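Dear colleague,

Please find the structure below, handed over for your study.

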Amino acid sequence: MTVVVGLQAPARDAGLAPVIASAAALLGGWGLGLFWVGSDTDQGEVYRILFVHVPSAWAAFIWVFAGAWSALRVLRARGDDAARHDNASHASMELGTLYAALALVTGSIWGRPTWGVWWDWDPRLTSTLVLFLLCCGTLLLRQFTPEPQARRRVAAITSLLTAVNVPIVYFSVNLWRSLHQPQTFVARKSTASADISLVLWINVALMLLFSWTLYRSRKRGIAAAEALAAAREAA
Amino acid sequence: MTPEGFGNAGWINYVSAAYVVAALFLGSYAAFALRSFTLARKAWDDEGFGSEAERE
């Protein structure tokens with residue numbers, strides 16, 4: 001065995017069991033949305049896309065914010081701490097990208113039967129697309145910056161810039177005239193019925209739980225790949 | 001309003017498409033996350049790297 005002094009070996013377990021358990025719980029939540037809750041007065045059955053679209057959008061917002069929070073810590077930390085926060089920011093921004101893409105695609109599928117179009121250059125849709133492209137840009141810059149310290153710095157700054165777009169996406173339906181409906185939930189006032197609200201909250205919680213398990217696994221994967229690269233270099 | 005819109009005809013195609021796409025996106029990312037860890041860990045073991053922590 002080649003023992004590399006000062007290097008921490010990667011974790012032994014990727015965290016498969018929590019991913020499977022939370023995926024099963026999420027499927028249960030989708031089942032409630034598809035088969036348990038009643039149809040909508042205006043949209044009939046097609047509104048059921050809500051239970052995957054809204055949790056995806058919220059997950060995108062939360063993971064981009066989480067990525068920016070870790071990015072702030074990268075800029076303030078040194079050495080191993082900076083690497084650890086950078087791994088967290090990297091995994092968070094990947095999830096932000098994934099969920100922004102999912103929100104766009106499910107929104108587009110919902111738009112076709114309700115608005116008659118797959119896409120419109122509406123403020124909410126356009127700002128979400130910008131968020132997705134900024135997330136992609138952050139990941140690409142990370143990929144194309146080989147020097148670790150420069151990579152951490154560039155990724156941290158672009159992650160922070162990306163997070164600035166999240167409030168713009170959220171408030172876009174209030175700030176500009178939009179084809180998109182206003183927020184389903186605003187403080188102390190919901191536009192959805194009680195059972196729809198309940199199932200939506202359950203699905204938001206389950207999607208966030210599932211994404212948390214993905215985050216843990218991915219962060220371990222990134223740390224393992226970095227440990228391997230460092231060990232190869234030191235050996 | 002479109003023919004396949006509020007009248008519900010064909011709704012199941014849109015709803016099922018959204019859920020299938022979501023399952024594919026999330027499932028693919030989960031597979032990628034788990035596989036990237038497994039490959040790195042396997043290479044670490046195969047190449048015989050240890051660490052002070054593991055030696056203890």
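**Salt bridges along the helices**

Asp45(B) and Arg41(B) both belong to helix α1 of chain B, where they stand 4 residues apart, about one turn of the helix. Helices here (H or I, at least four residues) and strands (E, at least two) are DSSP runs, numbered from the N terminus. Please note that this is a predicted model, in which local features need pLDDT of at least 70 and side-chain atom pairs count only at pLDDT 80 or more, while totals for chains, interfaces and linings use all residues. Residues are numbered from 1 along each chain as its sequence is written, chains are lettered from A and ligands numbered from 1 in the order in which they are written, and side-chain values use heavy atoms, with hydrogens and water left out.

The two residues form a salt bridge, with their closest N and O atoms 2.8 Å apart; the term stands for a side-chain nitrogen of Lys or Arg within 4 Å of a carboxyl oxygen of Asp or Glu. Arg41(B) is buried, at a relative accessible area of 4%, whereas Asp45(B) is partly exposed, at 36%. Buried means under 20% relative accessible area, exposed over 50%, and partly exposed in between (1.4 Å probe, protein chains only). A network of salt bridges links Arg12(A), Arg41(B) and Asp45(B).

Asp46(B) and Lys42(B) also form a salt bridge through their side chains (2.8 Å, N to O). About one helical turn separates Asp46(B) from Lys42(B), because they are 4 residues apart in helix α1 of chain B. Asp46(B) is exposed, with a relative accessible area of 54%, and Lys42(B) is partly exposed, with 48%.

In chain A, Arg84(A) is joined to Asp81(A) by a salt bridge whose closest N and O atoms are 3.0 Å apart. Being 3 residues apart in helix α3 of chain A, these residues are separated by about one helical turn. Arg84(A) is partly exposed at 49% relative accessibility, and Asp81(A) is partly exposed at 38%. Over all chains the rule gives 10 salt bridges.

**Chain A as a whole**

Chain A has 6 helices and 3 strands, arranged along the sequence as β-α-α-α-α-α-β-β-α. Its C-alpha trace spans about 65 × 35 × 30 Å along its principal axes, and 51% of its 235 residues count as buried.

How confident is the predictor in chain A, by mean pLDDT? The mean pLDDT of chain A is 89, and 91% of its residues reach 70 or more, on a scale of the predictor's confidence in each residue from 0 to 100. Where pLDDT is low, the predicted coordinates should not be read in detail.

**A buried aspartate and the cores**

Asp86(A) lies in helix α3 (residues 79-115) of chain A. Asp86(A) is buried, with a relative accessible area of 2%. Its side chain makes a polar contact of 3.1 Å with that of Arg142(A). A polar contact is a pair of N or O atoms within 3.5 Å; within protein, one must be able to donate a hydrogen and the other to accept it, and residues adjacent in sequence count only if both atoms are side-chain atoms.

The largest nonpolar core has 42 residues, of which Ile49(A), Phe51(A), Tyr99(A) and Leu26(B) touch the most other members. Such a core is a set of buried Ala, Val, Leu, Ile, Met, Phe, Trp, Tyr and Cys residues joined through side-chain atoms within 4.5 Å. Its largest share, 10 residues, comes from α6(A).

**Where the chains meet**

In total, 37 residues of chain B are in contact (heavy atoms within 4.5 Å) with 58 residues of chain A. Together the chains bury about 4200 Å², 74% of it on carbon and sulfur atoms; buried area is the accessible area (1.4 Å probe) that two parts lose on being put together, summed over both. Tyr19(B), Tyr29(B) and Phe37(B) supply 18% of the area that chain B buries against chain A, more than any other three residues. The interface holds 2 salt bridges, and the side chains of Glu47(B) and Arg232(A) meet in a salt bridge (2.4 Å, N to O).

With kind regards
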